[in-house]
Amino acid sequence: MTEVKPEDVEALVEIFDQSDWSELRIASSNFQLYLSKDAAQRDRHRVAVSTPAAPSMSPQRAAGSLSVQHTTAASTHAAAPADAAIPDGMQAVRAPSLGTFYLAPKPGAAPFVTVGQRVEPETEICIIEVMKLFTAVRAGVRGIVRRILVADAQMVEFDQPLILIEPAD
Amino acid sequence: MALRRLFVANRGEIALRIVRAAKSLGIQTVLAVSAADRDSLAAREADRAVVIGPAPARASYLNANLLVHAALATACDALHPGYGFLSERAEFAELCETNGIIFVGPTAESIRTVGDKLSARALAKTSNVPMVPGSGMIESAAEAQRIAAEIGYPVVTKASAGGGGRGMMVARTANDLATGFDKSSHEAKEAFGDGTLYLERYVERARHVEVQVLGDGQGGILHFGERDCSMQRRYQKMVEEAPAAILSDAVRSRLHQAAIQLLAPIRYRNAGTVEFLYDMDRDEFYFMEVNARIQVEHPVSEEITGVDLIQLQLAVAAGEPLSLTQDAIHCQGHAIEVRIIAEDPQRNFAPSPGRITKWQAPTGAGVRLDSAMFDGALVPPFYDSMIGKLIVRGEHRADAVERMRQALADFQIEGIATNLPLLRAIVAHPDYLANQIETKWLERLILPTFGNSKGN
């Protein structure tokens, strides 16, 4: 996600306010937003607005239903966002080494997994290729695939989060 | 072809040194880091750092496939291996070249030729580079005596089937050889099942001297003077100097020529070092080995010649003709380097990784520090314990030694144990000041007493 502007957040809050949803959770590599109409839930998720770059908004809104966390990469050079925030309740499957990330066993084939799919710990969910050597990456947990963080055929670095899985109870 | 983007496959001070050298040539840098080195100084200064694997070197810096994959994926046109790790693996050089990445080093073939002990000796022989005089297999004490008379005493017997000191005996006279030969042969037979011995000239007092060269890959070889690296512990160099002040001009000149003679026939490309053993009593030198990479101690040669060897490495790797001629390279003054290592000399050189709480390095005219350490830096336990190199330059040796003494006195490192106290003791020792040391001096004279002394 590119730079998140305060107006974007306000717009989301607006939509959320008018919806019948009770919770909204948005996360990307450098941004997290959690909205809830339940005060107790909000307190559980409240985190410090961590950087000056965090969107500023009207005091009324800020004091209201918002809890915003802006995570910035430690430096523009440290390319692997190994410490990027993983949303609560999610488990990240990380790259076992640097390599090229592939979502399908071969070009044109169906992907190993899609968002919303149930997986078992042994389910192969992607492959990492290093100099034509392919290593299958398994889910490691039973749950539902919630987000694929890397585009197909991209280079990933060691320990980089690849796929978010929401563990099943 | 000018290099555009360089992949740096190393860590620590040499990674930083390479990144900076590339930058000053306008070459972009991509640095490979392990998970333990994410926040290294080199990672901060490189245009990009990529985390290739976890901390252990075999899963990161020693994994050739990962490194080449990362270099390709980041569109680098060349790879600098630094020293150690994969820098002298012929297969690594080959892997780079077959994938279209320039290896900043010799060709794989050259690495094989000089890296293998037997083929290196064969090369030295055909190039008329002197080696320690020795013999073939010897049958009897009488034959040994006849050959020893040709080689000249002292001689040492060696087992042809193995090493480790079994079957080794130093003979200073023909009589020694007569009485000890059968015993040595028996010892070799017991140890290796083969009692065959051979003889070599024994060097009683030796200096480790080495010549810095740079080859253009076309047969052109430049030398940048020699270094004296006799201050060693268990074959690990601790103090290095340039020039080797002990050599006469005549021997020095022959030494340089020997290095060029050795490497010109194989059209050596890259910076390299030809190591020799200098026999102080006979005033002769013998070829030992070639290090086909940039070496830790290259800065002392840079300090006396005023060249940047890493930049030259990059230039010849790119196929550029040498912009220098031998006539333009002048050795001036005297330079000394000490290796700062995170080991505790008071505790038998136990490694002392950890957080550096204070790093106050000396500065001033003629003082250079090659290090990637800083206040608050973490010395990880996974790698070599060298954390920096302090280099000084003076008009002559005494001047440089004094400057080093002062610089070491000013150097403050806290949080981890280092060899600074030992280095201070070395440069203050009368033998060192008088340049009367040899390769066993440190282990024989300093270390036995140093370990017992308290504080410093």
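Analyst: Begin with the division into domains. This is a predicted model. Chain B is divided into domain 1 (5–104), domain 2 (141–201) and domain 3 (206–450). Taken over C-alpha atoms, the centres of domain 1 of chain B and domain 2 of chain B are separated by 47 Å.

User: What mean pLDDT does chain B have?

Analyst: The mean pLDDT of chain B is 95, and 99% of its residues reach 70 or more. For the complex, the predictor gives an ipTM of 0.83 and a pTM of 0.83.

User: How do I read a sheet, and what is the strand order of the open sheet in chain B?

Analyst: Strands of a sheet pair through backbone hydrogen bonds, either parallel or antiparallel. In chain B, an open sheet of 5 strands has the order S3-S2-S1-S4-S5, with parallel pairing. Strand S3 (48–53) and strand S5 (102–103) of chain B stand at the edges; each has a single partner strand, so one side of each is left without a neighbour in the sheet. Further in, strand S1 (residues 5–8) of chain B is joined to strand S4 (residues 78–80) of chain B by 3 bridges. One pair to look for is B:Leu6, whose bridge partner in S4(B) is B:Ala78.

User: Which residues have the most contacts inside the largest nonpolar core?

Analyst: The general idea is that, in soluble globular proteins, nonpolar side chains tend to be buried together. Here the largest nonpolar core has 159 residues, and those with the most contacts inside it are B:Phe7, B:Val8, B:Leu31, B:Ala32, B:Ala78 and B:Leu79. Another core, of 5 residues, lies apart from it and includes A:Phe31, A:Leu33, A:Tyr34 and A:Leu35.

User: Which residues of helix H5 of chain B are buried, and what covers them?

Analyst: In helix H5 (residues 108–115) of chain B, the buried residues are B:Ala108, B:Ser110, B:Ile111, B:Thr113 and B:Val114. Their cover includes helix H4 (90–98), helix H6 (117–126), strand S12 (269–279) and strand S13 (284–291) of chain B.

User: Why does B:Pro299 count as buried?

Analyst: The test is a count of neighbours, with 20 or more C-beta atoms within 10 Å as the cut-off. B:Pro299 counts as buried because it has 23 C-beta neighbours inside 10 Å. Its place is in helix H10 (residues 298–305) of chain B. Not counting residues up to four places away in sequence, B:Pro299 touches B:Glu337, B:Arg368, B:Asp370, B:Lys389 and B:Ile391.

User: How many helices and strands does chain A have?

Analyst: Chain A has 3 helices and 11 strands. Of its 169 residues, 30% count as buried. Strand S11 (residues 161–167) of chain A is mostly covered, with 5 of its 7 residues buried. S11(A) pairs in the antiparallel sense with strand S4 (residues 91–94) of chain A over 4 bridges, and A:Arg94 stands opposite A:Pro161. S11(A) also pairs in the antiparallel sense with strand S9 (residues 143–148) of chain A, over 5 bridges. There, A:Ile148 has A:Ile163 as its bridge partner.

User: How many residues does each chain bring to the contact?

Analyst: Chain A brings 16 residues and chain B brings 18 residues. By class, the side of chain A that touches chain B has 9 nonpolar, 5 polar and 2 charged residues.

Methods. Residues numbered from 1 in each chain as written. Chains lettered and ligands numbered in written order. Predicted model: local features only at pLDDT ≥ 70, side-chain atom pairs only at ≥ 80, totals over all residues. Helix = DSSP H or I, 4+ residues; strand = E, 2+ residues; numbered from the N terminus. Buried ≥ 20, exposed ≤ 12 C-beta atoms within 10 Å, placed from the backbone. Contact = placed C-beta atoms within 7 Å. Domains from an automatic or database assignment. Core = buried A, V, L, I, M, F, W, Y, C linked by C-beta atoms within 7 Å. Nonpolar A, V, L, I, M, F, W, Y, C, P; charged D, E, K, R; others polar. pLDDT = per-residue confidence, 0-100. Pairing = 2+ DSSP bridges.
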